[in-house]
Amino acid sequence: MAYYYVEPSRTFSEFLLLPNLTTKDCSPSNVSLKTPITKFSQGEKPEISLNIPFASAVMQSVSDDNMAVALARTGGISFIFGSQAVKDQAAMVRKVKGYKAGFVVSRSNLTPLHTLQDVLLLKEKTGHATVAITDDGTPKGKLLGIVTSRDYRTSRDSMDKLVQDFMTPFSSLKYGKSGITLSEANDLIWEYKLNCLPIVDDNYNLDYLVFRKDYDAHKENPLELLDSNKSYIVAAGINTKDYKERVAALVDAGVDILVIDSSDGYTEWQRETVQYVKENYNVKIGAGNVVDREGFLYLVESGADFVKVGIGGGSICITREQKGIGRGQASALIEVAEARDEYFKKTGVYIPICSDGGIVHDYHMTLALAMGADFIMLGRYFARFDESPTKKLKVGNNFVKEYWGEGSNRARNWERYDTGGKHGLVFEEGVDSYVPYAGSLRENMDKTIIKIKSTLCNCGAKTIEELQSKARITLVSATSLVEGGAHDVILKESSLSED
């Protein structure tokens, strides 16, 4: 007969944290949210860690190259969606790696034989006021000059005026040589009062541009998630169908981490995919999703560098409704975390777990961390921001952004649900929706991070690891849920109200 779990399938809203003693040195400014994302052996450091425990979901409506850069600047990571052509996904990864945290690959380039009209059209398209002039019009061609808005006057210059007649020629430029450090480049910028410093190789081919404005941006983002080359760390989603072609292209583009994006990861297809990647490439790969001990151990033994937990808990996911498959996110996370800790004790190998889904309020994030998650994957949360790839619309009197699931007909991501049958999406496991527009990522993330750090202090913890060992968690009743919010009063409006 079927096996029955006696304990109900529970969600984050059914739990609360109890406070522990908060010592005088336990203030938000002393809290570190650094956390591992890839497996490591006891006594060693993980090859890749996050500076904040946030990952944006593998979704068309959430994670593109723009989101990846914005989130890496704050210390988190984006998993660029895989439900697109291989070359397009690889191009997004390549764009992110090209930022190089201060060293920018030029994205606005022309030749000397282009015209002022071309300059203005390119500026309108990219928003960039600085255009690199190379012999072949490519980002890596021989640098012949630079054009900025100070080099022309649209009120007087002819639109067909050639770039070579008004650009600042290379002979008049201050430049740095390849291999220069960001600190040295910024010293040159300040010494010569420059807005932009080109970096060229020994043959005077353009490598990067360094901008004065990026110096301030770097100072404002001390938790930037960078690789050894000072490029932003970026991840990408793959499926179990075209993974051989897709992984090759993503690795060539410089991807740091892969994850198999699926609603159910406890499959032989995932094992084959993980093992293929491990045997052929030197790249980290996560797998999932699972909701219990058996699923976790299966993927770990397959070679996964981290495991994603959660089925059916996302705000746009209807897998439970359609198939009756899934588990309350809290219950799933608690069991998998116990299995992870037992595996670590037995083998000395620590496998990070990612909680994916079920987050409604900011405090749910802290609960997920306390219950054992090393980092959290969020879709709806990030979809609301300027940096997400979807349109900002006005519906009624409110601004919203579009948000749809990878299992929706709109995404057409049947590979995510492939079970070896015919091609195509037979039924939907996600919906097409709107989420309230919330503004910039940085503004919202700052508020969320301070809430989490403050809660850690209430629990007497200054790190996620310490929170997981010290946290005391209690079940709540339906009545206490009502008591926990504002009640029996008439509320005034507040600009600091929670989303």
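**Entry 1: K95 and the conventions**

I began with K95, which counts as partly exposed at 46% relative accessibility; I take buried as under 20% relative accessible area, exposed as over 50% and partly exposed as in between, with a 1.4 Å probe and protein chains only. The model is predicted, so local features need pLDDT of at least 70 and side-chain atom pairs count only at pLDDT 80 or more, while totals for chains, interfaces and linings use all residues. Residues are numbered from 1 along each chain as its sequence is written, and side-chain values use heavy atoms, with hydrogens and water left out.

I located K95 in helix α2, where helices are DSSP runs of H or I with at least four residues, strands are DSSP runs of E with at least two, and both are numbered from the N terminus.

**Entry 2: two helix pairs**

I next examined helix α2 (residues 86–97) against helix α6 (residues 243–253), whose axes come within 8 Å and cross at roughly 20°. Axes here are lines fitted to C-alpha atoms, for helices over the stretch in contact, and angles run from 0 to 180 degrees between N-to-C directions. The two helices α2 and α6 are therefore roughly parallel to each other, given that angles under 35 degrees count as roughly parallel, over 145 as roughly antiparallel, 65 to 115 as roughly perpendicular and the rest as oblique. I noted the crossing of α2 and α6 as right-handed; a crossing is right-handed if the near helix is turned clockwise from the far one by less than a right angle, and left-handed if anticlockwise. On the α2 side the contact includes V86, Q89 and A90, and on the α6 side it includes E245, R246 and A249, with contact meaning heavy atoms within 4.5 Å.

For α8 and helix α10 (residues 329–347) I found a packing angle of about 45° and axes 8 Å apart, so this pair is oblique. The crossing of α8 and α10 is also recorded as right-handed. I listed R293, E294, F296, L297 and V300 of α8 as meeting residues of α10 that include E335, V336 and Y343.

**Entry 3: the barrel**

I traced eight strands that close into a barrel in the order β5-β6-β14-β15-β16-β17-β19-β20, with parallel pairing; two strands pair if DSSP finds at least two bridges between them. The twist averages 25° from one strand to the next. Helix α8 (residues 293–302) packs on this sheet, touching β16 (284–290), β17 (306–309) and β19 (353–356), and its direction makes about 160° with that of β16.

I then checked where β5 (residues 54–56) meets β20 (residues 375–378), and found three bridges between these parallel strands, in which F54 has I376 as its partner.

**Entry 4: β12 and its neighbours**

I found strand β12 (residues 196–200) mostly covered, five of its five residues being buried. Its buried residues are C196, P198 and V200 on one side and L197 and I199 on the other, which leaves both faces covered. Strand β11 (residues 176–177) runs parallel to β12 and is joined to it by two bridges, with G176 standing opposite I199. Strand β13 (residues 206–211) runs antiparallel to β12 over five bridges, and L197 is partnered there by V210.

K193, in the loop between α4 (182–191) and β12, has a phi of about 55° although it is not a glycine, and it is exposed at a relative accessible area of 70%. Y204, in the loop between β12 and β13, has a phi near 65° and is partly exposed at 33%.

**Entry 5: cysteines**

How many disulfides does a search of the whole structure find? I recorded zero, a disulfide being a pair of cysteine sulfur atoms within 2.5 Å. For C457, the nearest cysteine sulfur is that of C26, at 3.8 Å. C457 counts as buried at 5% relative accessibility, and C354 is buried with a relative accessible area of 0%.
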